[in-house]
Amino acid sequence: MSTTGQGGVQRAGAGMDLSGPVLAASALFLAGLICLPIGWIAAFAFTDRAGAPTLGNFRLLLDDPTLFEPLMTTLGLSCSVAVFAALSATPLAWLVARTDMPGRRVARVLMTASFVTPPFLGAIAWEILAAPNSGVLNRLWRDLSGAEDALFDIYSFPGLVFVISCYTAPYVFVVLTNALDRIPADLEDAAGILGAPRWRIVVGITLPLALPALLAGTAVAFLQAMTLFGSPAILAIPAGFHTVTTKIYSLFQFPPKPQIAAAAALPLLLVTIALLWLQSRILGRRGYAVVGGKGAAPRLVRLGAWRWPVFVLVFAVLALPLFLPYMALLKAAISRLPAGPFDPANMTLAHFSFVFLEFSQTRHAFANTFVLALATATAGTLLALVVAYLVARRTDLSGRALEFLAMAPIAIPGVVLGVGLFLAYTRGPVVLYGTLWILFLAFLTIELPAAFQQLRASFRGLHPELEEASRILGAGRLETLWRITAPLLKSGVIAGWCLIFIGTVRELSAAVMLSSSTTKVLSVVIFDLNEGGNLGAIAVIGVAMLLLTFAVVGFANWITGAGGGPRPQPA
Amino acid sequence: MTHLRLEGLSKSFGSTTVLDAIDLSVGQGQLVCLLGPSGCGKTTTLRLIAGFMEPSAGRIVVGGRTLSEPGNALPPERRGMSMIFQSYALWPHMTIFDNVAYGLALRKMPRADIATRVGRILEAVKLSHLAERYPAELSGGQQQRVALARALVVEPEILLLDEPLSNLDAALREEMRFEVRRLHDAFRYTTVYVTHDQAEAMTTADLIVVMNQGRIEQAGGPEEIYARPRSAFVATFLGGANILSGMARDAQHLDIGAATLRCAEAGFAPGARGAISIRFHEVAVAASSADGALPARVQRQTFLGSTRDLVLALADGTQLRATAPPDLAIPGDGNVFVTLPPTRCRPVVA
């Protein structure tokens, strides 16, 4: 007897067949997100004003010193930042992960927390602290020493290196502490039992094992420094020099030279791709990195008498990206003169009333930022969820291709994407410039890889048998999705959503290219206010922006955690 | 009475054939073990029965009703089966009680009935005191029993087990083997059990199906398969055996080089190559010569307490393993005599 004629029989795999079209649609959409802007950049870079093919844009890039010097500056800047960040993060990471330094957990949280600070806000805070004439620290120095000259001029190449390093060192730090956490103690004990003194174990075993992570983290620091727009725009332009990103931005000011901007964007793209490839090669060599190896938990080195001096040193270092800038911002928010003395005469609420009552742009910008962040986070999480599901359940080539597409935006610097989207959507058939949609597309593209990585990891932890067990007990595909898959993915989904939300709120480099007078977001408003020197208002907006972020992320965690969070999965 | 029938069941992935036209009948209430090395197709067979895959050819029939055939397979949730997975697949976000109650809740059973049944089955697997715990808080053996309870509580038409004991340590595994058999004796569900462990199969199964390279090598009761392996693969995989190959003189005699061996039963094609299987403990080893005994040298011996494990070489160098009594005195020069009793020498397919 065959079931073909029976009423209740479905084609098995009817749901599975759906995954084909969904896969194709997602792949097409992702490919469009990436190829459209990049394609336009390539098209512009290789044509002249009349649209005829040429290599002239690149020749100009090399011949014109006003174009060539930014390239060299960016190279020098990136190298300096990479070295500086690695040199400062390595001892910190080792102290926090491998010694009994007091307060090492707090130090770790604080270091990670400096991620939340948008780099441009950090740069502005350091303006308040170390501008040559009005900087708080420089005034303090003059008052104390009686000297005429400033102690430190933030509007300089070293100043720029310092500020960018402050906010890229955490990348190195996080990668490195993770690696150090995972080096099993028995590898160090094996050296100890052979008679190696403690310092030789650190130098000869621990650090070499963490070297791949250090290199990978340093590569990220290099990339950050190279592609960052806000900090150089705030600090380098007043100092009278350009980096590639600020130069590209200025090439869009009147009279716009999109062809040259596109040509200048291509090297950024290529170097990013090359470095990311290198990074994945370094981290991909397993066995060397001892990632996930079994073995005893890492043993902590006893610092003895050095414990407290080291503690003071570490927290003094943490003052640079965190304590000092935030104090400067808070003080600026309530002071008439940001660098003025800390007394009632200098205190004011004028900045608050300016920002929230008088300055019309703020309310628009808050609304725009909020709407964009919500929309991007929600759409991005859904997209990442679908793509991660397909990637997790398809082991064939199509799954790998989709994974590549979802991760590809990570190789596109924000400025480059901004240029590409500007070129793509300022002319027909679809004109999105001047609408929030172009910003939405930019943010979605930029933030997708992070959310995808988060959800891919969640799916990897979700054994297919957990779903199959539900199916065989009588639950259909949808019911299984609802009762088993969704609850187990909940924390990953929330984390992915929050990542996108935070990332969107703090994005500047693409936003500055793509927002128009009616579609300004907070980061762009802050950038504009900085050009007008209105530091007090910036401080107010900056703090409000951070509060908004914390509030939304806290709310997201609270509302979804109300029904009892998922339990940790068994090993 | 046949309950589950596989007819010419095949599964291919692209050009790779994983399962090659297998036929199998399982009686109502029988526990059948699919036994074989990894990659033999046993798990594929199980997943086809469960409905997680669609066959490339053939049919799966349960109680006279076709559940699967190419292009037409009932989804797993409509088969009334349950399954125990290698990873246990307990849902980490639900308590033990909720895990076990899941299948009953899907069947829209009243709350009170669910509580009664879950209580009863947790009693049966001795886990009543852990009902409100979460899976991550249980040991491996306890998780295994939860998985059993979750599968049994829905009173499945067919119970499927996919290497259910392979994640347990040796002592627990032995205990759980008997547990599986005890529960089967208590509930009598038609059961398909996939394993690569012959001891597991011997302990639990009514019917053992030895699989190799996508085909069934032999199916039969544990004692039957052990006593009368049909192929060299079955003999070595189940229990281990010496395989001696040579040229057949007639239907009962095989020339293995060092000697001509006689089998009690006929099984060779005269003049063709053939093979004999004989279990290690069936090789009789003695220090002195006896009628029909072959001279051999002891190459290696291992004292194992209750037995003595010997590796022997016949006159032409053919190697032979033997399990001898522990008190066997082996002469200093290592020369012994072995007897291969005709009733123990079985013709097998090489």
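Trainee: Which element gives the largest share of the lining of the second largest cavity?
Mentor: Helix H7 (residues 157–182) of chain A, with 4 residues. Helices (H or I, at least four residues) and strands (E, at least two) are DSSP runs, numbered from the N terminus. Keep in mind that this is a predicted model, where local features need pLDDT of at least 70, side-chain atom pairs count only at pLDDT 80 or more, and totals for chains, interfaces and linings use all residues. Residues are numbered from 1 along each chain as its sequence is written, chains are lettered from A in the order in which they are written, and side-chain values use heavy atoms, with hydrogens and water left out.

Trainee: And what counts as a cavity?
Mentor: On a 1 Å grid over the protein atoms alone, it is a set of points where a 1.4 Å probe fits but cannot get out; lining residues have an atom within 4 Å of a point. Points are joined across faces, edges and corners, and a volume is the space filled by probe spheres set on them.

Trainee: How much space lies in the second largest cavity?
Mentor: About 60 Å³. Its lining includes A:Phe115, A:Tyr167, A:Gln224 and A:Arg506. The lining residues divide into 6 nonpolar, 4 polar and 1 charged. Ala, Val, Leu, Ile, Met, Phe, Trp, Tyr, Cys and Pro count as nonpolar, Asp, Glu, Lys and Arg as charged, and the others, Gly among them, as polar.

Trainee: How many cavities are there of 30 Å³ or more?
Mentor: The search of the whole structure finds 4.

Trainee: Switching topic. What is chain B like overall?
Mentor: Chain B has 8 helices and 21 strands. Its C-alpha trace spans about 75 × 45 × 35 Å along its principal axes. Of its 350 residues, 53% are buried (under 20% relative accessible area, with exposed over 50% and partly exposed in between; 1.4 Å probe, protein chains only).

Trainee: Back to chain A. Where is A:Leu349?
Mentor: In the loop between helix H13 (307–334) and helix H14 (350–358) of chain A.

Trainee: Buried or exposed?
Mentor: A:Leu349 is exposed, with a relative accessible area of 61%.

Conventions: On a 1 Å grid over the protein atoms alone, a cavity is a set of points where a 1.4 Å probe fits but cannot get out, and a pocket is an open set with protein on both sides within 12 Å along at least five of seven lines; lining residues have an atom within 4 Å of a point.
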